[in-house]
Amino acid sequence: MPFDLPPEFLVFVLVGMAAQLVDGALGMAYGVTSTSLLLALGLPPPVASASVHAAEVATTGVSGMSHGLFGNVDRRLMWALVLPGVAGAMLGAWLLSQLDWAWLRPLVSAYLLALGALLVWRAWRGVRREPRLRGQGLLGLCAGFLDAVGGGGWGPLTTSSLMARHLEPRIAIGTANAAEFFVSLAASVVFLAALGISHVHVVLGLLLGGVVVAPFAAWLARRVPARPMMGVVGLVVCAVSLFNLLR
């Protein structure tokens, strides 16, 4: 029996394209954008998060390879984030399928709002120093856990934190995108085991839209100057955080 796609399939494709364009170029917002839409359409949080992570396995894979080809990935830093990130994602996915973690989102949003404001200030003042890359393991663990619990959050937390430690913006964005593939894969495996497969058309729409624009977004991340990019990332983090706090 052929698989019939519903009329709203194109909407999910367009959402996937828009979300991946922002995510690939700025290192964040794919999960936040997609999950917010799915929740608005009435999907339960575990199903919405599972659908987004399933689509992200493909989109982050293409995005990570694209960033690697354009020289935007620090492989050593990527693996330092991947291992604890995978552990945090698997724990978060399992707990989300068992418990309600909605109370945690405002706390994370408040933290990211302060971090976004710091990035905007640094971009405005032109503050640049040598990178201080310590505590990557803890960052990966927390970001992976919050990403699975909230249906998004790996990009805002890892990218903005790496930039706050004075890492070059395109390297922070590319490395976070490349590491996210493994985190999304781990979360998806746990969600699949706990919840099974559902809403296939949602996953396919998000996946298709994201894969199409991922290479262009990686190219864009390399072309945009570091200081304006840091300012834009800070503004996006502030906007998303304020939206989540108000919601």
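In which helix does T59 lie? T59 lies in helix α3, where helices are DSSP runs of H or I with at least four residues and strands are runs of E with at least two, numbered from the N terminus. The model is predicted, so that local features need pLDDT of at least 70 and side-chain atom pairs count only at pLDDT 80 or more, while totals for chains, interfaces and linings use all residues. Residues are numbered from 1 along each chain as its sequence is written, and side-chain values use heavy atoms, with hydrogens and water left out.

**Overall fold and confidence**

The protein contains ten helices and zero strands, and 53% of its 247 residues are buried, that is, under 20% relative accessible area, with exposed meaning over 50% and partly exposed the range in between (1.4 Å probe, protein chains only). Contact here means heavy atoms within 4.5 Å; among contacts between residues at least 6 apart in sequence, 86% join residues at least 24 apart. The accessible surface, from the Shrake-Rupley method with a 1.4 Å probe and, for residues, only the protein chains shown as cover, comes to about 11,100 Å², and carbon and sulfur atoms account for 71% of it.

The predictor's confidence in each residue, pLDDT, runs from 0 to 100; its mean over the protein is 75, and 71% of the residues reach 70 or more. Confidence is lowest in helix α2 (residues 30–40), with a mean of 69, and highest in α4, at 86. Where pLDDT is low, the predicted coordinates should not be read in detail.

**The interior**

A nonpolar core is a set of buried Ala, Val, Leu, Ile, Met, Phe, Trp, Tyr and Cys residues joined through side-chain atoms within 4.5 Å. The largest such core has 33 residues, and L81, W154 and L162 have the most contacts inside it. Two or more residues come from each of α4, α6 (136–150), α7 (154–164) and α8 (169–195), with α8 giving the most, eleven residues. A second, separate core of nine residues includes F12, V15, A55 and V203.

Leaving aside neighbours within four places in sequence, W154 is in contact with several residues, among them L81, G85, A176 and V183. T59 is buried because its relative accessible area is 0%, and, not counting residues up to four places away in sequence, T59 touches Q20, Y30, L206, L207, G210, V211 and A214.

**Partly exposed residues**

| Residue | Relative accessible area |
|---|---|
| F70 | 29% |
| E168 | 32% |
| F216 | 44% |

F70 is found in the loop between α3 (45–69) and α4 (75–96). F70 and A218 are 148 residues apart in sequence, yet their C-alpha atoms are 7.3 Å apart in space. Beyond residues up to four places away in sequence, F70 touches R170, P215, A218, W219 and R222.

A search of the whole structure finds one salt bridge, defined as a side-chain nitrogen of Lys or Arg within 4 Å of a carboxyl oxygen of Asp or Glu. The side chains of E168 and R170 form a salt bridge, with an N to O distance of 3.2 Å.
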